[in-house]
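Work through the exercises below with the sequence and the 3D structure at hand. Try each task before reading its solution.

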Amino acid sequence: VQLQASGGGSVQPGGSLNLSCTGSGSNISNLGIAWHRQVPGRQRTLVAAIGSSGRRVWGDSIKGRFTISRDNAKNSVTLRMNALKPEDAAVYYCSTWGLSPTGRYLYENWGQGTLVTVSS
């Protein structure tokens, strides 16, 4: 499966953006999909993930501002970001999300990132 992140852009603090992670080569409706973000010089961190069962996992500092959902007709997963803050500015990536035999989260099939800037 190949994943492509899109929807990034520039927004003012308090604004909203929708990011899409679109799959090709395979149906992603039965795959876990995760969103991550990375600021230059820092580690990539988990933002949100949605499992094949609909289970959702959230990263720190989101506090109910973001939602994650599937659009199976478009073979995509959407990250809806509300009440954006300057500290949300980053390159956002999507990946598949699974579990290793030992229960660790596995992130694979990384797509190219999409840049989000938040400034007035």
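This is a predicted model: local features need pLDDT of at least 70, side-chain atom pairs count only at pLDDT 80 or more; totals for chains, interfaces and linings use all residues.

**Exercise 1.** Find how the rings of Y105 and Y107 are arranged, and classify the exposure of Y105.

*Solution.* Step 1: the ring centres of Y105 and Y107 are 6.4 Å apart, and the angle between the planes is 65°. Step 2: planes over 60 degrees apart count as edge-to-face, and Y105 and Y107 form a pair of that kind. Step 3: Y105 has a relative accessible area of 33%, so this residue is partly exposed.

**Exercise 2.** State how many aromatic pairs the whole structure holds, then describe the pair of Y93 and W110.

*Solution.* Step 1: a search of the whole structure gives four aromatic pairs. Step 2: one of them joins Y93 and W110, which are edge-to-face, with 6.5 Å from centre to centre and 80° between the planes. Step 3: Y93 belongs to strand β9, while W110 is in the loop between β10 (105–108) and β11 (114–118), so the pair ties together parts 17 residues apart in sequence. Step 4: with a relative accessible area of 16%, Y93 is buried. W110 has 37% and is partly exposed. Step 5: Y93 and W110 also belong to one aromatic cluster, together with W97, Y105 and Y107.

**Exercise 3.** Where does R44 lie relative to the rings of Y93 and W110?

*Solution.* Step 1: R44 lies over the face of Y93, 3.8 Å from the ring centre. Step 2: the charged end of R44 also sits over the ring of W110, at 4.6 Å from its centre.

**Exercise 4.** Count the disulfides and describe what is joined.

*Solution.* Step 1: a disulfide requires cysteine sulfur atoms within 2.5 Å. Step 2: the sulfur atoms of C21 and C94 are 2.2 Å apart, and these residues form a disulfide. The count comes to one disulfide. Step 3: the torsion about the S-S bond of C21 and C94 is about 80°, so the disulfide is right-handed. Step 4: C21 is in strand β3 and C94 in strand β9 (residues 90–99), so the pair ties together parts that are 73 residues apart in sequence. Step 5: both C21 and C94 are buried.

**Exercise 5.** Give the strand order of the open sheet formed by four strands, and name its edge strands.

*Solution.* Step 1: the order is β1-β3-β8-β7, with antiparallel pairing. Step 2: β1 (2–6) and β7 (66–71) are the edge strands, as each pairs on one side only. Step 3: from one strand to the next, the twist averages 15°. Step 4: five bridges join β1 to β3 (residues 17–24), and these two strands run antiparallel. Step 5: Q4 stands opposite T22 in β3.

**Exercise 6.** Locate G14, and decide whether this residue is buried or exposed.

*Solution.* Step 1: G14 is in the loop between β2 (9–11) and β3. Step 2: its relative accessible area is 54%, so G14 is exposed. Step 3: leaving aside residues up to four places away in sequence, G14 touches A83 and L84. Step 4: G14 and I50 are 36 residues apart in sequence, and 25 Å apart from C-alpha to C-alpha.

Conventions. Residues are numbered from 1 along each chain as its sequence is written. Side-chain values use heavy atoms; hydrogens and water are left out. Two strands pair if DSSP finds at least two bridges between them. Axes are lines fitted to C-alpha atoms, for helices over the stretch in contact, and angles run from 0 to 180 degrees between N-to-C directions. Buried means under 20% relative accessible area, exposed over 50%, partly exposed in between (1.4 Å probe, protein chains only). Contact means heavy atoms within 4.5 Å. Rings of Phe, Tyr and Trp (its six-membered ring) pair if their centres lie within 6.5 Å; planes under 30 degrees apart count as stacked, over 60 as edge-to-face and the rest as tilted. A charge sits over a ring if NZ of Lys or CZ of Arg is within 6 Å of the ring centre and within 35 degrees of the ring normal.
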